[in-house]
Amino acid sequence: MPDEKPEIVALDVEKFNEMTKFDGVVVIHLSAAWCTPCKAFNAVFDKTAGNHDDVVFASLDTDTQPELGAAFNVKSIPTIAVLRGGALIFTHEGSLSEKALSDVIRQAGEADLEAIRKSVAAAGVAKLGKSGGR
């Protein structure tokens with residue numbers, strides 16, 4: 001139904017670590033409650049999420065989850081991050097149009113998952129949480 005709001009996963013460290021095990025495309029909107037441009041981008045993010053049932057959409061509040069914000073090396077918000085096969089394959093500081101975000105999602109879906117896995121294996125995927133380095 002077009003009036004239904006799509007499911008957006010609210011990320012914490014545990015849910016993020018689960019996302020790194022997912023082979024599909026994960027799109028993350030990094031923001032904060034006080035951020036006016038972030039609020040403006042929510043409409044685009046929600047609409048795009050409603051058009052991509054095969055993609056996981058997640059939100060990350062950098063104020064309530066500072067460890068995750070630091071893991072993404074966030075310099076400004078909003079920031080859009082895209083994972084595929086557990087690897088960060090795209091980041092963008094600032095808003096994107098619905099068309100641009102959909103194009104990023106298309107390209108992420110077409111990315112060579114085996115090449116991504118090899119890259120992740122070579123670099124190692126850091127997990128956050130109790131065993132994470134501080």
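**Notes on the fold, loop by sheet by helix**

1. Asn73 sits in the loop between H3 and E4. Its backbone deserves a look: phi of Asn73 is near 55 degrees, which is a positive value in a residue other than glycine. Keep in mind as you go through these points that this is a predicted model.

2. The peptide bond joining Ile77 and Pro78 is cis, with omega at about 5 degrees.

3. Now the sheet. Five strands make up an open sheet with mixed pairing, and the order across it reads E1-E3-E2-E4-E5. At the edges are strand E1 (9-10) and strand E5 (87-93), each of which pairs on one side only.

4. How do E4 and E5 pair? Strand E4 (residues 79-84) and E5 run in the antiparallel sense, with six bridges between them.

5. H2 touches strand E2 (25-31), strand E3 (56-61) and E4, and the direction of H2 makes about 165 degrees with that of E2. H4 touches E2, E3, E4 and E5, and here the direction makes about 20 degrees with that of E4.

6. What about the helices against each other? For helix H2 (residues 36-50) and helix H4 (residues 98-110), the axes come within 10 Å and cross at roughly 45 degrees. That angle is why H2 counts as oblique to H4. As for handedness, H2 passes H4 in a right-handed crossing.

7. Which residues make the contact of H2 with H4? On the H2 side they are Phe41, Val44, Phe45, Lys47 and Thr48, and these meet Glu98, Leu101, Ser102 and Ile105 in H4. By class, the residues of this contact divide into five nonpolar, two polar and two charged.

8. Last, the sulfurs. How many disulfides does a search of the whole structure find? The search finds one. The bond joins Cys35 to Cys38, with S to S at 2.3 Å. The torsion about the S-S bond of Cys35 and Cys38 is about 75 degrees, so this disulfide is right-handed.

Notes:
Residues numbered from 1 in each chain as written. Predicted model: local features only at pLDDT ≥ 70, side-chain atom pairs only at ≥ 80, totals over all residues. Heavy atoms only, no water. Axes fitted to C-alpha atoms, helices over the stretch in contact; angles between N-to-C directions. Helix = DSSP H or I, 4+ residues; strand = E, 2+ residues; numbered from the N terminus. Parallel < 35°, antiparallel > 145°, perpendicular 65-115°, else oblique. Left-handed = near helix turned anticlockwise from the far one by under 90°. Contact = heavy atoms within 4.5 Å. Nonpolar A, V, L, I, M, F, W, Y, C, P; charged D, E, K, R; others polar. Pairing = 2+ DSSP bridges. Disulfide = S-S within 2.5 Å.
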